Amino acid sequence: MSDKTNSREGFSSKFGVIAAAAGSAVGLGNIWRFPYVAGENGGGAFLLVYLGFVLTIGLSVMLAEFIIGRRAQKNALGAFRVLAPKSLWWLIGLMGIVAAFVIFAFYSTIAGWTLEYLVQAAANGFSGKDASQINEMFITFQHSLARPLIWQVAFIVLTAVIVVAGVQKGIEKYTKFLMPALFVLIIVLCIRALTLDGASQGLIFLFKPDFSKITGKVILEALGQAFFSMSIGMGALITYGSYIKKDNHLPKTAFQVVIADTMVAILAGIMIFPAVFAFGLSPNAGTGLVYQVLPNLFQQMTGGYVFAILFFLLLAIAALTSTISVLEVLVAWASEELKMPRRKATLVLSTLVAILGVFATLSFSNLSEVKIFGNGIFELMEKFAANTLLPLGGFFIVIFVGWKLGGKIVADELTNSNTIKVRFLKIFMFIVRYIAPVAILLVLFNSLGILKIG
Ligand code: PHE
């Protein structure tokens, strides 16, 4: 083994692995994106399709990424070079790098909003405002020029500072106690939301499926949301997988991460939708949903001032543990493949992301008129990454594990060289070889209109 391989850092404990991977998965995708996409796509029916994807395709892609990463001990692109030398499989990694750029760019816009709202909460800025004034406040902020940009850059800098510190002292150390704290706080907010007058309407919206609402678009949105929320399809979990020790039970880890991610999404729904209906708002308000709804909830609760601060603080942190994993994809790639020192890689890559990110943020203000294929810049980045790049990445990842890596290596990774028993090996191989790739393609084709199934 070369010195370089020996000095490769990794997660130090099992809980550290789960915290980091769940930290990547649980983020704005669950709390900001899940409610608004579910709200726009019919609620209960969307939830059902979403859960179906998470438990079948999602779980398999996650496990496939862990397998690739731990086997190769390399970054998202280098892993394919190691496992399939002298071939074009590394292009999957390249697609992941592109996805990481795009995702970090638009994600930092929304993450920046959490910082603005944290400051507003601390300054008691929601106090005395009714639902329409809170709405107004959000729109005014979103349309202003400097503030959203400043917060966005601040957020990118924050991410970069932690990523520079490395895997154990940066990523693992912080995620380990921040994730459980977020969980507890969401449960408290759910309880408050559920005791609002008219809460049941929100629950009906979220949990009662209306099958007539399931269309090709809803199915694609559910698939995209599953990939986005689970951090799969771009190599974030290949990168984290490469930091996981050889004795870690990968299927167990993947399962625990999926449970955590799904629970937070559902809890976020339980926290938001009762409030949406109780305050007479509309579930399909779009990207601003969480920011327009929750301040109303804080206003109504005892200790709302403190809860508001805590909530936006933890939301910012949840976003941070996700952006860390996105930036880590880029930094691990640049430092291992381009031989750039970690510090320099972090600086250069976050600067590039910030430049791209400015366009995402400005698409809510000065560039709001710019439309590409009928979408604003932000929308285009978000939809293209979640609904195209990630599912396509996932498609190639399962094909790689199912057909290229082969049963022996997969079995070796899943059973830790035959030291643990894994019962579903055959099922897993069947899913990654046939079910997942076919299902992903069907959904993508259907949404492109090449095929009509809904
Ligand atoms: N899963 C993260 C979230 O839900 C976002 C993310 C997507 C992170 C893709 C890494 C890779 O917020």
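Predicted model: local features only at pLDDT ≥ 70, side-chain atom pairs only at ≥ 80, totals over all residues.
**View 1. Helix α3 packs against helix α17.** Two packed helices are described by the angle between their axes and the distance between the axes. Here, α3 (residues 28-40) and α17 (residues 377-405) make an angle of about 95°, and their axes lie 14 Å apart. Angles of 65 to 115 degrees count as roughly perpendicular, so α3 and α17 are roughly perpendicular to each other. To follow the contact, look in α3 for Trp32, Arg33 and Tyr36, which meet Phe378, Glu382, Lys383, Ala386 and Asn387 of α17. By type, the residues of this contact are four nonpolar, one polar and three charged.

**View 2. Valine 326 sits in helix α15.** This helix covers residues 304-337. Is valine 326 buried or exposed? Its relative accessible area is 8%, and buried means under 20%, so valine 326 is buried. Apart from neighbours within four places in sequence, valine 326 is in contact with Ala100, Ile103, Phe104 and Met234. Alanine 122, for its part, is 204 residues from valine 326 in sequence and 29 Å from it in space, C-alpha to C-alpha.

**View 3. The largest pocket holds about 400 Å³ of space.** Its lining has 15 residues, and the closest to the pocket centre are Leu220, Lys383, Asn387, Thr388 and Ser447. The elements giving two or more residues to this lining are α11 (216-230), α17 and α19 (425-448). Which element supplies the largest share of the lining? That is α17, with five residues. Sorted by type, the lining residues are seven nonpolar, five polar and three charged.

Conventions:
Residues numbered from 1 in each chain as written. Heavy atoms only, no water. Axes fitted to C-alpha atoms, helices over the stretch in contact; angles between N-to-C directions. Helix = DSSP H or I, 4+ residues; strand = E, 2+ residues; numbered from the N terminus. Parallel < 35°, antiparallel > 145°, perpendicular 65-115°, else oblique. Contact = heavy atoms within 4.5 Å. Nonpolar A, V, L, I, M, F, W, Y, C, P; charged D, E, K, R; others polar. Buried < 20%, exposed > 50% of the residue type's maximum accessible area, 1.4 Å probe, protein only. 1 Å grid on protein atoms, 1.4 Å probe; cavity = no way out; pocket = protein on both sides within 12 Å on 5 of 7 lines; lining within 4 Å. Points joined across faces, edges and corners; volume = space filled by probe spheres on them.
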